[in-house]
Amino acid sequence: MALFSALLTAAAAIAVGTPSQAANPIITSIYTADPAPLVVGNTMYIYAGRDEAPTGGSNFVMREWHVLSSTDAANWTDNGARANIATFPWAGADAWAGEVEPRNGKYYWYTSINGNGAGWMNIGVAVGDTPLGPFTDAKGGPLISDSTANSSGLNIDPTVFVDDDGQAYMYWGGYWSPRAVRLASNMIDTVGSVVTPTGLTNYWEAPWMFKRNGLYYMMYAANDTSGCVTNSNYACQRYATATNPMGPWTHRGIVLGQVSSTTNHAGVVEFNGQWYIVYHNANAPGGGNFRRSVAVDRLYFNADGTIQQVVQTTTGPPPNPGGGGGGSGTNIAPSATATTSYVSSWESLAAVNNGGTPANSQDRSNLAYGNWPQQGTQWIEYTWPTAQSINKSSVYWFDDNQGIDLPASCALQYWNGSQYVAIQLQSTCGVAGNVENVNTFASAVNTTRLRLQITSRSGFSTGVLEWKAFQS
């Protein structure tokens, strides 16, 4: 949540609980901003503040937070205001950016809000029993305020992350002042001193923390003119990585370029095997810098773990329903070691499990695996250090319209400890082009090794753009 100025036009009607048509922005019945995504089961939730500034307003008017939800990342429902300023009896204004983190069967909503006491912005925390609440004040006062030792120049934009070992961390801060602290297991107290993270080049505000393949990622808004924006009143989203959740961080580049609003606030999440970025812009009818709207687009990683810069769209992502394209559950392929019977020297085996979702079977933007000039039956195999329960797989085939064509057939096998055994599928192993072929197992298998056998058409070789395995 930055402090910039702009002129705005038009007004928005209010409608709650009505699904929107797939497009960006995802909700246009009201203005929404500062989105924070969370996946619970087969649903993606987005927690967002509501912009209520009037036409021509020159400052933020934000009094409540809404929860948006989708089961396919394309069609969204506004579930209404699930928290507001009155949720915090000690606060009086400014329902700014927040994020929800699940822990111990509850959902903790960390928010930026203006307390009634000395100072300006504080970090509060509410708690609910479901992703939709109801939410109540969990602490009875600020978690972070101006009186907190080494607090930020502006205590806003909390992002909370619980690591695999159960330790929780919170990052926040505006005015070029990132801060981090450990949280107690109760999620409403801090542990130890507030620290200043290092390595977050050109940090301005809006941190977002996540982890992928053992690597920690910190995304944040920057407003420098060193490749970020041409006017420092605007912002881009940069990111850094670290091998420790408290850093030090190494700057990697830009995730999201300048948007149509001056502020740029985003979050990242994996849903049904695909990574997404949620952010806001001023693209809704009558929108502007104080009347922003949430958008969603797909996010892609390179084989080395770096992030490709996001392509902003007006259409939004295609539907990705659980149990349909993309599969349900968690894609565990990125954590596996891939091997193959053969890969062409100019292609890449890393393509098969780098987390991409191709645009079509000719898409080379996210690497491709191919086995030209080999013909007949070839294989790709995933190996995990410990046994995994797997109930579904999906394959996006590569077809270069030359020597590599769609396969004649495919089969899936698993290692039972002494030999490979055929996996019984609910339907024939899919070999269609330009789609993610989802293969659902008749029953889950527990294994350390999964093998995809690919049989070519006569005179051709075969290729794969992405092969996913879903944990049951």
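Cys228 and Cys236 are joined by a disulfide, a term applied here to a pair of cysteine sulfur atoms within 2.5 Å. The structure is a predicted model, in which local features need pLDDT of at least 70 and side-chain atom pairs count only at pLDDT 80 or more, while totals for chains, interfaces and linings use all residues. Residues are numbered from 1 along each chain as its sequence is written, and side-chain values use heavy atoms, with hydrogens and water left out.

**Disulfides**

A search of the whole structure finds two disulfides. Counted along the chain, the bonded cysteines follow the pattern 1-2, 3-4. The table sets out the geometry of each link.

| Disulfide | S to S distance | Torsion about the S-S bond |
|---|---|---|
| Cys228 to Cys236 | 2.2 Å | -120 degrees |
| Cys410 to Cys429 | 1.9 Å | about -110 degrees |

The link of Cys228 and Cys236 is left-handed. Cys228 is buried at a relative accessible area of 8%, where buried means under 20%, exposed over 50% and partly exposed in between (1.4 Å probe, protein chains only). Cys236 is likewise buried, at 0%.

For Cys410 and Cys429, the torsion is about -110 degrees, so this disulfide is left-handed. The pair links distant parts of the chain, 19 residues apart: Cys410 belongs to strand β25 (residues 409–415), and Cys429 lies in the loop between β26 (420–422) and β27 (437–455). Strands (E, at least two residues) and helices (H or I, at least four) are DSSP runs, numbered from the N terminus. Cys410 counts as buried at 13% relative accessibility, and Cys429 is buried at 8%.

**Aromatic pairs**

The whole structure contains 24 aromatic pairs. Rings of Phe, Tyr and Trp (its six-membered ring) pair if their centres lie within 6.5 Å; planes under 30 degrees apart count as stacked, over 60 as edge-to-face and the rest as tilted. Among these pairs, Phe60 and Phe290 are edge-to-face, with 4.9 Å centre to centre and 80 degrees between the planes. Phe60 is in the loop between β2 (43–51) and β3 (64–70), whereas Phe290 is in the loop between β19 (274–281) and β20 (293–299), 230 residues apart.

One aromatic cluster is formed by Tyr45, Tyr47, Trp65, Phe88, Trp90, Trp109 and Phe135.

**Charges over rings**

The charged end of Arg212 sits over the ring of Phe301, 3.9 Å from its centre. This term requires NZ of Lys or CZ of Arg within 6 Å of the ring centre and within 35 degrees of the ring normal. Arg449 lies over the face of Trp415, 4.0 Å from the ring centre.
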